[in-house]
Amino acid sequence: SSSPGDHVVYEQEGVFIHSSCAKNDDQDSLISGILHVIEKEAEVLVDWRPLDDTLDSSNILCAGKDSSSVVEWTQTPKEKSPRGSDHQNNYEAEWDMVNTVSYKKKPRSNGDATTHANGESKWSFQFSLTDLKSIKQNKEGMGWSYLVFCLKDDVILPALHFHHGDSKLLIMSLEKYVVLCESPQDKRILLVNCQNKSLSQSFENLLDEPTYGLIQKLKKDPYTATMGGFSKVTNYIFDSLRGSDPSTQQRPPSEMADFLSDAIPGLKINQQEEPGFEVITRIDLGKRPDVIRREPLSAEEWTKNMDSEGRILDADSIKQMIFKGGLCHALRKEVWKFLLGYFPWHSTREERTNLQKRKTDEYFRMKLQWKSVSDEQEKRNSRLRDYKSLIEKDVNRTDRTNKFYEGQDNPGLILLHDILMTYCMYDFDLGYVQGMSDLLSPVLYVMENEVDAFWCFVSYMDQMHENFEEQMQGMKTQLIQLSTLLRLLDSGFCSYLESQDSGYLYFCFRWLLIRFKREFSFQDILRLWEVMWTELPCQNFHLLICCAILESEKQQIMDKHYGFNEILKHINELSMKIDVEDILCKAEAISTQMMNCKELPQAVCEILGMENSAVTTPDSDTGEDEGVTVMSRSASTYQNISMPVSAANGTRENAQQMAVTHSANRLTPT
């Protein structure tokens with residue numbers, strides 16, 4: 001039942017089907033068989049067949065992938081050469097398609113125990129764990145232990161009776177791959193992917209639960225599956241939550257939003273029936289201005305803005321020039337330290353030199369902490385082992401086509417590894433989470449110095465910390481805010497996305513998590529990040545960049561009537577095709593258009609960090625006209641997050657900025 005490349009993780013003989021209820025009276029009452037759990041390429045299979053079964057595979061009740069919608073896994077990462085650009089292109093390209101798995105069963109009755117002319121049994125069955133819905137167990141003390149598998153399409157397989165031992169070992173084996181818990185209605189029934197256990201896990205652990213997709217791809221290559229396919233991860237969550245029944249593929253948007261809010265607690269987007277949403281008037285934002293960008297800030301302009309002791313004379317002017325044009329590359333090593341907050345803008349040259357000396361000592365003290373851990377100590381520190389393992393995997397995949405990181409034993413890779421390990425000592429509660437290497441890579445490339453890169457990365461992570469925490473609070477907040485902004489800009493486009501189960505904008509997850517790092521070329525990311533670090537022209541400018549990209553793609557998405565999968569695929573394939581200067585112009589124009597509007601909704605004012613008085617007028621509309629639309633922002637969603645929030649009536653619900661906690665007591669997957 002398995003080929004040479006398969007791995008049998010469980011095997012049990014003496015597992016019987018009791019077929020006394022079969023349609024054919026001449027059928028044997030007991031059929032002895034062997035049960036396997038098999039790791040097979042991209043999935044885990046449960047396989048049972050009679051001991052004397054010599055049938056070919058066409059006689060198996062199978063749950064097979066639809067080859068028309070699934071990209072074939074041509075080569076596992078371990079088999080690939082680690083060298084050369086072909087490797088880099090291939091491992092990304094294999095995840096470019098949306099992996100949609102559908103299931104087919106052979107056109108025959110599952111309970112039919114008829115035989116071939118030669119008398120061979122047709123009881124054999126095999127299914128993928130991705131297709132398993134529940135397992136029913138026998139009552140304790142009722143004779144032989146038995147299990148009944150129910151699949152997502154409500155096919156109930158014959159009961160398997162364990163004559164030689166009980167079924168607990170099988171359950172333990174399956175729990176390595178799926179989350180099982182008792183049904184509230186019947187304690188004998190184990191439900192697959194029950195929410196109370198799996199939903200508290202971090203996003204990385206959600207991804208690492210094999211049931212959420214093509215199991216072994218995630219297990220063998222979590223970095224590719226995660227960072228190469230964030231925009232597609234919705235498929236895994238949806239497959240798990242709604243099953244593969246075609247009748248569930250077109251659920252109403254509010255119901256699909258329910259599925260997603262189950263998967264990510266606290267995420268409430270675009271459910272217009274939800275009470276507590278701010279109702280606002282549909283607003284005319286006015287004409288969008290034309291925007292012209294300038295040349296990058298030159299070394300001469302930078303030097304002119306510095307006094308004899310090295311103080312920056314007019315930081316606001318410098319930030320404005322950087323926002324409008326970025327930096328020439330020669331300046332980045334110095335100016336990024338200011339933009340990221342490592343150097344204070346008002347500091348002198350001497351103060352900065354002294355700061356670097358102190359920070360150098362502090363860095364190497366922390367680095368020594370993990371460098372001096374013995375092998376024996378490491379054996380007793382599972383969290384450090386997990387962090388180290390994940391860092392090693394990610395470093396070997398980060399920007400390897402860039403000359404700074406290419407080749408084997410590259411010093412850039414060693415520094416990348418060492419800085420990330422030292423960050424675990426700096427913030428052990430957060431430690432390392434997939435995606436953080438993407439944020440460090442451009443910083444190290446620019447700094448070309450281990451200590452400076454570390455402290456700049458620390459400052460960047462202070463901004464990005466909530467994105468990587470276990471509860472994903474930063475990601476939830478940003479998705480909600482992005483939905484609010486996009487609805488104001490184009491409620492029609494939002495409605496279309498909702499009609500295609502895409503109103504939660506989850507395909508923007510990767511953009512937000514690692515600040516567009518994989519959407520633009522390496523050099524364009526340097527430009528984009530330095531512009532965003534100016535914190536101009538408003539708070540959350542990166543969300544307006546998202547709006548600008550989506551607005552650019554709106555026509556194609558709507559004209560071609562893209563559905564759920566097509567939207568995911570299209571957004572994913574934008575990677576490396578977006579013009580950074582064009583998008584920055586559009587995003588700036590959107591920000592100016594919004595800031596010039598005198599009737600901006602309270603929710604939008606707070607997202608953009610604008611003073612209320614600047615955008616409201618005494619005679620502004622109360623919202624009691626025909627053109628009302630519901631802003632997709634529930635006040636309840638914003639509770640317990642570290643930002644000011646507004647209740648539905650516009651009053652401030654949490655005016656004090658809450659401290660970001662660093663107590664995400666969580667293991668990252670290995």
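Student: What does E300 form a salt bridge with?
Tutor: With K304. In this predicted model, the closest N and O atoms of the two are 3.6 Å apart.

Student: Where are E300 and K304, and how far apart in the helix?
Tutor: E300 and K304 belong to helix α9, which covers residues 299-304.

Student: Is E300 buried or exposed?
Tutor: E300 is exposed, at a relative accessible area of 54%. K304 is exposed too, with 64%.

Student: OK, what about K333 and E448, what do their side chains do?
Tutor: They meet in a salt bridge, with 2.8 Å from N to O. K333 sits in helix α11 (residues 329-339), while E448 is in the loop between α16 (436-447) and α17 (450-468). The pair therefore ties together parts that are 115 residues apart in sequence.

Student: And how accessible is K333?
Tutor: K333 has 34% relative accessibility, so K333 counts as partly exposed. E448, at 52%, counts as exposed.

Student: Which residue does E573 meet in a salt bridge?
Tutor: K569, at 3.0 Å from N to O. E573 is partly exposed, with a relative accessible area of 28%. K569 is also partly exposed, with 26%.

Student: How many salt bridges does the structure hold?
Tutor: It holds 29.

Student: Which residues are linked in a network of them?
Tutor: R293, R332, R527, E530 and E581 are linked in a network of salt bridges.

Student: New topic, helices. How are two packed helices described?
Tutor: By the angle between their axes and by the distance between those axes.

Student: So what is the angle for α18 and α22?
Tutor: About 50 degrees, and the axes are 10 Å apart. Helix α18 spans residues 473-489, and helix α22 spans residues 541-559.

Student: What do you call that arrangement of α18 and α22?
Tutor: Oblique: the two helices are oblique to each other.

Student: Is the crossing left-handed or right-handed?
Tutor: The crossing of α18 and α22 is right-handed.

Student: Which residues of α18 and α22 meet there?
Tutor: On the α18 side they are Q478, Q481, L482, L485, L486 and L489. On the α22 side they are H542, L543, L544, C546, C547 and L550.

Student: How many of the residues in that contact are nonpolar?
Tutor: Nine are nonpolar and three are polar. The contact of α18 with α22 has no charged residues.

Notes: Residues are numbered from 1 along each chain as its sequence is written. This is a predicted model: local features need pLDDT of at least 70, side-chain atom pairs count only at pLDDT 80 or more; totals for chains, interfaces and linings use all residues. Side-chain values use heavy atoms; hydrogens and water are left out. Axes are lines fitted to C-alpha atoms, for helices over the stretch in contact, and angles run from 0 to 180 degrees between N-to-C directions. Helices (H or I, at least four residues) and strands (E, at least two) are DSSP runs, numbered from the N terminus. Angles under 35 degrees count as roughly parallel, over 145 as roughly antiparallel, 65 to 115 as roughly perpendicular and the rest as oblique. A crossing is left-handed if the near helix is turned anticlockwise from the far one by less than a right angle, and right-handed if clockwise. Contact means heavy atoms within 4.5 Å. Ala, Val, Leu, Ile, Met, Phe, Trp, Tyr, Cys and Pro count as nonpolar, Asp, Glu, Lys and Arg as charged, and the others, Gly among them, as polar. A salt bridge is a side-chain nitrogen of Lys or Arg within 4 Å of a carboxyl oxygen of Asp or Glu. Buried means under 20% relative accessible area, exposed over 50%, partly exposed in between (1.4 Å probe, protein chains only).
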